[in-house]
Amino acid sequence: MGITRVPSLGLRKGSIIDIESTAKAIDECLNALEKLTGIEIMSAVVGFSGASISIINNHAVVAVGNPDYEITLDDKERVLQSARNIGLPPDKVIVHTIERQYIVDGYDGVKDPVGMAGSRLECEVAIILSALAAIQNIRRSAARINLELERVIYNPLLASEAVLIPNEKEMGVALVDIGAGVTTVSYFEKGSILYTAVIPVGGEYITKDLAIVLHTSLDEAERIKISSGVVSPEMAEQDKMIEIQNLQGRESRQVSQEVIADIISARVVEIMEMVYAELNSFGCLDRLYAGIVLTGGGANLTGIAPMAEEYLNIPVRTAVPENLRGIATDFNKPENAAVLGGAIYAARTVKMEYAENSFLPGLINKLTDWFKDLFR
Ligand SMILES: Nc1ncnc2c1ncn2[C@@H]1O[C@H](COP(=O)(O)OP(=O)(O)OP(=O)(O)O)[C@@H](O)[C@H]1O
Ligand SMILES: [Mg+2]
């Protein structure tokens with residue numbers, strides 16, 4: 001129904017460093033959203049990222065308990081429990097356990113083994129870990145403004161819901177989300193996430209460098225990047241000059257678009273080097289059958305997909321969230337991938353409860369129908 005966005009000063013490199021100002025930013029965002037939609041917001045699905053994220057792939061085996069070898073919920077829970085049983089340092093928490101697949105008597109690719117016949121049940125899981133403090137800081141920020149947290153979900157999982165198609169996830173695809181403070185690189189195969197890493201640089205890194213080299217403010221550098229930035233000097237218009245204000249915002253001078261592109265290019269190449277290093281460490285470079293999908297605000301940079309494709313020598317597409325219907329087309333921007341993924345996720349899984357008299361019955365029906373209609 002609406003998307004709102006406010007600057008947040010409480011985060012650095014994707015992690016909360018100041019609860020008070022994070023809470024204030026969330027509050028401002030929600031107030032604007034309430035005004036926009038006329039709906040009071042009590043609870044939220046929250047997407048998060050941060051440099052403390054890691055992923056562990058684990059595998060477990062159990063003997064099926066039932067004497068007639070019918071796999072029960074109890075067997076499934078036992079094998080999952082065993083797969084989740086990793087030595088966890090006290091400062092880490094498991095935020096997600098993704099059931100990648102079950103294997104019944106050696107037959108793999110089973111999504112849900114309950115009710116199947118077999119004597120040996122195996123499961124493969126991907127376990128996403130975060131620093132405990134990072135999750136606690138999200139909870140504290142929400143508590144500060146009395147916002148109930150429905151779920152806290154790792155952003156790339158949300159973004160993948162909004163921008164990847166099932167076929168890509170099946171074949172092998174890397175999702176690269178270039179945000180402001182962080183770039184996340186995730187690899188999906190056989191329908192679910194297998195590897196993920198958070199690189200502590202993003203669009204802000206480019207903006208900061210522009211501000212330093214061009215002797216201007218961060219706001220002005222951000223404005224120039226968005227209005228005139230291109231990813232390489234070859235893409236700049238010949239002789240095109242850009243007006244830049246000095247640090248005090250008074251005098252202005254002219255800088256060629258080519259010089260600006262040169263600065264941007266150096267930082268983007270660095271980010272791509274780091275993306276490549278992560279993909280290489282995942283060991284998935286020769287399995288990227290569906291290529292790389294770029295999303296996040298940084299994917300708006302003119303020319304970034306062809307540049308990444310050339311640099312990485314892997315097919316690259318820029319993705320806007322499209323996996324939902326009935327959404328205003330101006331929401332279809334790469335920077336909305338995670339938030340719209342959150343809407344898809346919530347519509348699918350979170351139980352909607354409405355206060356007795358807050359809606360007319362007719363409106364409730366309309367709302368639930370609308371949610372059902374959300375998926376293709
Ligand atoms: N047209 C554009 N050209 C270049 N960069 C852009 C453009 N539009 C947005 N950006 C950059 O995208 C970044 C914001 O992206 P996004 O909204 O995905 O980040 P975020 O999710 O808030 O941050 P993070 O994921 O790091 O926590 C900013 O650095 C911004 O400068
Ligand atoms: Mg982001």
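1. Strands S10 (residues 183-189) and S11 run antiparallel and are joined by 7 bridges. One pair can be picked out by residue: Phe188 has Ile193 in S11 as its bridge partner. Keep in mind that this is a predicted model.

2. The sheet that holds this pair is open and has 5 strands. Their order is S11-S10-S9-S14-S15, and the pairing is mixed. The edge positions go to S11 (192-199) and S15 (316-318). Each has a single partner strand, so one side of each lacks a neighbour in the sheet. From one strand to the next, the twist averages 20 degrees.

3. A helix packs on this sheet: H9, residues 304-312. Helix H9 touches strand S14 (292-295) and also S15. The directions of H9 and S15 make an angle of about 165 degrees.

4. Next, the ligand. The shell around ligand 1 counts 20 residues. Gly179, Gly203, Gly297, Asn300 and Glu335 come nearest. Two elements give two or more residues to this shell: helix H6 (203-213) and helix H7 (218-228). By class, the shell has 12 polar, 4 nonpolar and 4 charged residues.

5. On domains, the assignment for the protein chain gives domain 1 as 54-131 and domain 2 as 170-318. Their C-alpha centres are 38 Å apart. The contact between them takes 6 residues from domain 1 and 6 residues from domain 2.

6. On the side of domain 1 that touches domain 2, strand S4 (54-63) and strand S5 (92-104) are the elements that give two or more residues. S5 has the largest share, with 3 residues. By class, this side divides into 3 nonpolar, 2 polar and 1 charged.

7. S4 and S5 also belong to an open sheet of 4 strands. The order here is S4-S7-S5-S6, with antiparallel pairing. S4 and strand S6 (107-110) are the edge strands. Each pairs with a single strand, so one side of each is left without a neighbour in the sheet. The twist averages 35 degrees from one strand to the next.

8. Within this sheet, 10 bridges join S4 to strand S7 (residues 120-131), and the two run antiparallel. In S7, Leu121 is the bridge partner of Val62. Helix H3 (residues 132-144) packs on the sheet and touches S5 and S7. The direction of H3 makes about 70 degrees with that of S7.

Terms used. Residues are numbered from 1 along each chain as its sequence is written. Chains are lettered from A and ligands numbered from 1 in the order in which they are written. This is a predicted model: local features need pLDDT of at least 70, side-chain atom pairs count only at pLDDT 80 or more; totals for chains, interfaces and linings use all residues. Two strands pair if DSSP finds at least two bridges between them. Axes are lines fitted to C-alpha atoms, for helices over the stretch in contact, and angles run from 0 to 180 degrees between N-to-C directions. Two residues are in contact if their C-beta atoms, placed from the backbone, lie within 7 Å. A residue is near a molecule or strand if its C-beta atom, placed from the backbone, lies within 6 Å of it. Ala, Val, Leu, Ile, Met, Phe, Trp, Tyr, Cys and Pro count as nonpolar, Asp, Glu, Lys and Arg as charged, and the others, Gly among them, as polar. Domain bounds come from an automatic or database domain assignment.
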